[in-house]
Amino acid sequence: MGRQLFKLKMEHPCFILPRTNSSQTRTLSFFLSGFPAWETTQMLSAVPLCSVYLLALLGNLTVLSVIRAEQSLHAPMYLFLAMLAVADLGLSTSTFPTMLRMLWLEAREISFGSCLAQMFFIHSFTDIESAVILAMAFDRYMAICHPLRYSCILTNSATTKICVAIVVRTALVQFPLPILLTRLCFTRVSKLSHPYCLHPDIIKHAGSDTRINSTYGLFVLLSTLGLDLLFVLLSYLLILKTILNIATWRERLKALNTCISHICAVLLFFIPMICLSMMHRFGKDISPQAYAFTANIHFLAPPILNPIVYSVKTKTIRRRILRVLCRRGVRTSRVVIYQ
């Protein structure tokens with residue numbers, strides 16, 4: 001029996017020995033980690049985390065329902081905002097449940113297949129959000145720099161094609177990532193740096209050569225998020241140049257005010273992303289707490305804050321939400337009076 005196991009292990013480098021006193025082979029898995037404070041206050045941490053998750057769901061679903069119901073919002077700018085809300089919903093749904101499961105059920109172990117699936121969806125929705133932010137930057141560029149050509153170029157049909165192109169690009173670049181990970185050898189159960197699975201974190205624990213995975217991961221990062229950030233910055237340089245050529249300060253501020261919400265979305269998304277990428281690539285001596293904090297800001301903050309920012313800054317959305325709340329308040333008061 002011992003010779004057979006040794007021969008099988010030599011033929012298959014990724015073979016994992018069975019547990020002692022067990023006839024079943026152990027399934028490859030990872031252990032998730034979180035903030036150090038969660039170790040002692042798991043149930044207390046789960047309550048605010050669940051509230052934040054529900055807030056993210058409520059905010060993004062509200063934005064989607066308002067855009068769908070309001071006919072005046074069926075325009076390119078708001079269609080991109082709807083897709084941003086979809087990306088935020090997907091990103092929050094890919095991350096929050098795993099964290100809540102870890103806190104409530106103390107279930108830190110995640111199987112290899114589930115980890116790959118979660119990694120694929122997290123990175124896919126991140127890429128979609130990045131591309132949508134770029135599309136919204138192009139929308140602001142056309143509205144400010146070429147207002148007369150805006151309605152001719154950014155039609156609803158063109159907006160739909162842009163959204164389809166975003167999804168296709170994301171699928172093409174992200175699909176090879178989990179496939180390449182299946183060729184690596186993971187000979188032991190490893191503890192990840194985050195409460196969810198990320199590609200740079202997984203390949204750190206591989207027992208075989210990861211140069212292909214690391215190179216392709218860097219290519220995906222630069223060709224999607226890096227390129228998107230570059231074009232966003234270029235768009236705002238052209239927008240700033242156009243705004244400075246406007247005659248009066250009042251008109252300059254009015255034009256700049258239309259970009260405030262989008263600028264907030266850019267800062268919320270790209271600054272933590274850049275910090276996290278630099279940590280994974282070059283931060284060998286950085287503490288796990290810094291990794292966890294930066295990753296949680298990057299993946300958890302945009303789904304929560306984007307709906308709030310756009311609801312506050314967009315008059316049509318704000319008025320629609322207030323109108324619905326006022327109607328419900330009137331109905332509630334009527335029911336109380338009748339009772």
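Student: Which residues line the second largest cavity?

Tutor: Asn60, Val63, Leu81, Leu84, Ala85, Asp88, Asn306, Pro307 and Tyr310 form the lining of the second largest cavity. The model is a predicted one.

Student: What makes this space a cavity, and what is the volume of the second largest cavity?

Tutor: The term cavity applies because a 1.4 Å probe fits at its points but cannot get out. The volume of the second largest cavity is about 50 Å³, and the structure holds two cavities of 30 Å³ or more.

Student: What makes the space of about 420 Å³ a pocket rather than a cavity?

Tutor: The largest pocket holds about 420 Å³ of space and is lined by 16 residues, with Met77, Tyr78, Arg140, Thr258 and Thr314 nearest its centre. Two or more lining residues come from each of α3, α4 (112–145), α10 (249–257), α11 (260–282) and α12. The largest share, three residues, is that of α4.

Student: How do you know that aspartate 139 and arginine 140 meet in a salt bridge?

Tutor: Their side chains have an N to O distance of 2.8 Å, and the criterion is a nitrogen of Lys or Arg within 4 Å of a carboxyl oxygen of Asp or Glu. The pair therefore qualifies.

Student: Are aspartate 139 and arginine 140 buried or exposed?

Tutor: Aspartate 139 is buried because its relative accessibility is 1%, and the limit for that term is under 20%. Arginine 140, with a relative accessible area of 9%, is therefore buried as well.

Student: What makes the pair of aspartate 228 and arginine 169 a salt bridge?

Tutor: The N to O distance between the two side chains is 3.1 Å, and the cut-off is within 4 Å. This pair links distant parts of the chain, with aspartate 228 in helix α9 and arginine 169 in helix α6 (residues 156–174), 59 residues apart. By this rule the count comes to two salt bridges.

Student: Why is arginine 169 called partly exposed?

Tutor: Its relative accessibility is 25%, which lies between the limits of 20% and 50%, so the intermediate term applies. Aspartate 228, at 2%, is buried.

Student: Why does histidine 194 count as buried?

Tutor: Its relative accessibility is 0%, and buried means under 20%. Histidine 194 lies in the loop between β3 (190–191) and α8 (199–203). Its C-alpha atom is 6.1 Å from that of leucine 32, although the two residues are 162 apart along the chain.

Definitions and conventions:
Residues are numbered from 1 along each chain as its sequence is written. This is a predicted model: local features need pLDDT of at least 70, side-chain atom pairs count only at pLDDT 80 or more; totals for chains, interfaces and linings use all residues. Side-chain values use heavy atoms; hydrogens and water are left out. On a 1 Å grid over the protein atoms alone, a cavity is a set of points where a 1.4 Å probe fits but cannot get out, and a pocket is an open set with protein on both sides within 12 Å along at least five of seven lines; lining residues have an atom within 4 Å of a point. Grid points are joined across faces, edges and corners, and a volume is the space filled by probe spheres set on the points. Helices (H or I, at least four residues) and strands (E, at least two) are DSSP runs, numbered from the N terminus. Buried means under 20% relative accessible area, exposed over 50%, partly exposed in between (1.4 Å probe, protein chains only).
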